[in-house]
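Here are some comments for a colleague who is new to reading protein models. Please keep the sequence and the structure in view while working through the points.

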Amino acid sequence: YMIVMNTNAPVALDPNAEDIKGIDLISMCAEETGCERPYKVFEKSTANVASQTVQRGNDLNNPRLASGGFTIQTPGDEGTINLSEMNVIQVLIRGGAGLKAIKPQAVLRMILWPLTSWNIGPASCTAQCIPFHENSAAICSGTVACDSESVVRTAYHNAYQVVKLRLPSDMTDITDITTHTVKVTSLTLPKAGFFPLRAGVQLTKDDDSEPQYTTSAGFMWKNPEDGETEGRLVLTGATGSGPKPFAGDANNKLVVRLKFGATLWNWGETSLASLFEVQLPPGYTCNVLGSGDPSADLDVFKVDSDNDDYPDNR
């Protein structure tokens, strides 16, 4: 499993930061009741720093993306693109004036969110540059190098969530007036779906120095693939269909396992809450017992197929 969190880790600025201890991770019982003892610790581990964090570059005399300088182009004026319908990410790039212009061979990294869903694989990707259309003298030709990177060292997690683009060597500077468009195609999409999200963006000079970080203007989203959203009955009772499974029985108790193809958020406001609907077969009615929490004594919660002393389905 993966955990993503935002942290402030000054230790990562150390030039020798690789493998320095970052934070401790502790898995523990969150309540005083319901545990063998209050706040029992189940697991403890350490998250190490995988690589040095570099200080933000000087904004006065280094290449910079303008405000909205990494704009995901979308159909119409909707501001969002559904990658399920069009697996193309086309980005309009706008730089700064003077010393803030983006030069040939500059490096752009597009960080794809949600981090835990994406894995574009280790192979190179395909990208091209479309020159500024309002100036016939502007050029952006040659190869746009397109590679994949991981936000976590692959020795620990073999997933790639970053598209690394190196702009062509034969390119007119990108300024506040002259813009170019980069088109990335045929990325391996995640199976899960996600609601509209921005992409993280990092710009550096050709030697990967003087970084600037921002987020995209425009959003991307995706439908979950077939099978990513499902509902199943958990096997309970002698027949697997609850304690009263037969046609003449009434008040049978069933446990339903729901898997969502996209993360749903509830911000605590009823009018804005995410909702889902369970449809029963014709002739059936049901109600939720109590809080709806299944009993912790069910056999499904006692399975430990990897023998690590932690139930697989808790």
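1. In this predicted model, Arg64 forms a salt bridge with Asp59, and the closest N and O atoms of the pair lie 2.7 Å apart. The two partners can be read side by side: Arg64 is buried, with a relative accessible area of 4%, whereas Asp59 counts as partly exposed at 31%.

2. A search of the whole structure finds nine salt bridges. Among them is the pair of Asp24 and Lys44, whose side chains meet at 3.8 Å, N to O; Asp24 belongs to strand S1 and Lys44 to strand S2, 20 residues apart, and the pair links distant parts of the chain. Here Asp24 is partly exposed, with a relative accessible area of 35%, and Lys44 is exposed, with 56%.

3. Arg232 and Glu230 also meet in a salt bridge, at 3.5 Å from N to O. Elsewhere, salt bridges that share partners join Arg109, Glu149, Lys164 and Asp208 into one network.

4. Which way do the residues of S6 point? Val107, Arg109 and Ile111 point one way, while Leu108 and Met110 point the other way, and all are buried. S6 pairs in the antiparallel sense with S10 over five bridges, where Ile111 stands opposite Val162, and five bridges also join S6 to S14, again antiparallel, with Arg109 opposite Gln202.

5. The largest nonpolar core has 35 residues, and those with the most contacts inside it are Leu108, Leu112, Val163 and Leu165. Strands that each supply at least two residues of this core include S6, S10 and S14. Beyond its sequence neighbours within four places, Leu165 is in contact with residues including Leu108, Val144 and Val184.

Technical notes: Residues numbered from 1 in each chain as written. Predicted model: local features only at pLDDT ≥ 70, side-chain atom pairs only at ≥ 80, totals over all residues. Heavy atoms only, no water. Buried < 20%, exposed > 50% of the residue type's maximum accessible area, 1.4 Å probe, protein only. Helix = DSSP H or I, 4+ residues; strand = E, 2+ residues; numbered from the N terminus. Pairing = 2+ DSSP bridges. Core = buried A, V, L, I, M, F, W, Y, C linked by side-chain atoms within 4.5 Å. Contact = heavy atoms within 4.5 Å. Salt bridge = Lys/Arg side-chain N within 4 Å of Asp/Glu carboxyl O.
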